[in-house]
Amino acid sequence: MHPNYRGQFQTAVDQVRSEGRYRVFQDIRRKRGAFPKAIWYPNEQTQRDIVVWCSNDYLGQGQNPCVMEAVKSAVDATGTGSGGTRNISGTTHYHVQLERELASLHQKDRSLIFTSGYVANEATLSVMSRILPGLIIFSDALNHASMIAGIRGARCEKQIFRHNDVAHLRELLAAADPSAPKLIAFESVYSMDADIAPIEAICDLAEEFGAMTYCDEVHAVGMYGPEGSGLCGQLGLMDRIDIIQGTLAKAYGMIGGYIAADSIIVDAVRSLASGFIFTTSIPPSTAAGALRSVRYLKQSGDVRTRHQDRAAALKARFRAADLPFIDGPTHIVPLLIGDPVRCKAISDYLIEVHGLYVQPINYPTVPKGTERLRFTPSPFHTEAMMDELLQALLDAWSHFDMADTSQGQTTK
Ligand code: PMP
């Protein structure tokens, strides 16, 4: 590489480092049958047992024996990769069955699988303006990076409404050209702030102003609603959302993303979206595992109840200890630290001293000054693990003199 280029790469990394948000990936291996326990490899010579507190395998489905068995038997039956794009030999019976299952989960005509939830958002949103010339996209200010990328890719007018602010959304809709096609893009569960969208009010506005609705249910599918159909399912609003987007990578414990919608919407996206067309489809074994996982969670209301119960138990402990966490209505428990360097230092302390792993969340994932540790209790985090975590946090709090900076900051 020419030295000038090297210097510029170095400058880019140095900049990130100087802002205290240089990312260090923890090297871990999850232990089958012992979720949420894992082995941590701080370096090549050392390994330590840890408890993971930040996994998005929210329900431990990645280690559910029936899901693992579905993956293994699909590999035995059909091999590894899919061998092509969906159009060129990569549509296997596993993909077809999974798409049927996801469509029925969301009570839509059809669904469409993508390589990831990120790609599902990016590919679908970016193609909307080709289908709807003159489109204006109304986007919640805290929408995920993948939706932002999709909206940028659409190269159409966009209007950003303040997070969950229905009055602001109304103002923007009212000010827009009444004849322009419109789409409101939002998430049901916001994973960094642990809050939920005013979905019904958004649907009402969409109806009033003739807009389409696009809801990212990545942090809700499998975990909320009858059969795990998401928050829109829980609220009885699925039929008022035009495009429901989800992931197979979180509650379902696999990888891949999808949309579910009317047949004609899916047909148009399938026919035009580059991120769907020009890439190899997910492995058949992945589709088989996801299919098993979706079916399993359809019938597992008790797992969902236990999940919510565990989240409530952790929040109760944080509340009693006066820790500055965001006390929201979801399963996610963000603990505010407010400084990137300190956030990383506390995370390092927790894993090194206490064997507890929670990754620091810094800018640009969250706004500067709101850096946090994001805890995701699962149905498998025990009372003893929660007690251990609380003691470790209280120790870290005094070790880093956090009491002065955090008193009374509990939000919501
Ligand atoms: N949407 C939201 C709201 C997300 O938080 C994420 C990932 N964390 C995605 C989409 C992307 O999903 P995936 O991990 O399946 O790519």
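Reader: How many cavities of 30 Å³ or more turn up in a search of the whole structure?
Author: Two. This is a predicted model, where local features need pLDDT of at least 70 and side-chain atom pairs count only at pLDDT 80 or more, while totals for chains, interfaces and linings use all residues. Residues are numbered from 1 along each chain as its sequence is written, and side-chain values use heavy atoms, without hydrogens and water.

Reader: Ok, what volume has the largest cavity?
Author: About 80 Å³. (A cavity is a set of points on a 1 Å grid over the protein atoms alone where a 1.4 Å probe fits but cannot get out; lining residues have an atom within 4 Å of a point.)

Reader: What's it lined by?
Author: R86, H95, I113, F114, T115, G275, F276, T279, T280, S281 and I282. By class, that lining has four nonpolar, six polar and one charged residues.

Reader: And the second largest cavity, how much space lies there?
Author: About 30 Å³. F35, P36, V52, S55, D57, Y58, T376, S378 and H381 line this second largest cavity, and they split into four nonpolar, four polar and one charged.

Reader: Which residues lie nearest its centre?
Author: R86, R110, L112, R270 and F276, out of 14 lining residues.

Reader: What's in that lining by class?
Author: Six charged, four polar and four nonpolar residues line the second largest pocket.

Technical notes: On a 1 Å grid over the protein atoms alone, a cavity is a set of points where a 1.4 Å probe fits but cannot get out, and a pocket is an open set with protein on both sides within 12 Å along at least five of seven lines; lining residues have an atom within 4 Å of a point. Ala, Val, Leu, Ile, Met, Phe, Trp, Tyr, Cys and Pro count as nonpolar, Asp, Glu, Lys and Arg as charged, and the others, Gly among them, as polar. Grid points are joined across faces, edges and corners, and a volume is the space filled by probe spheres set on the points.
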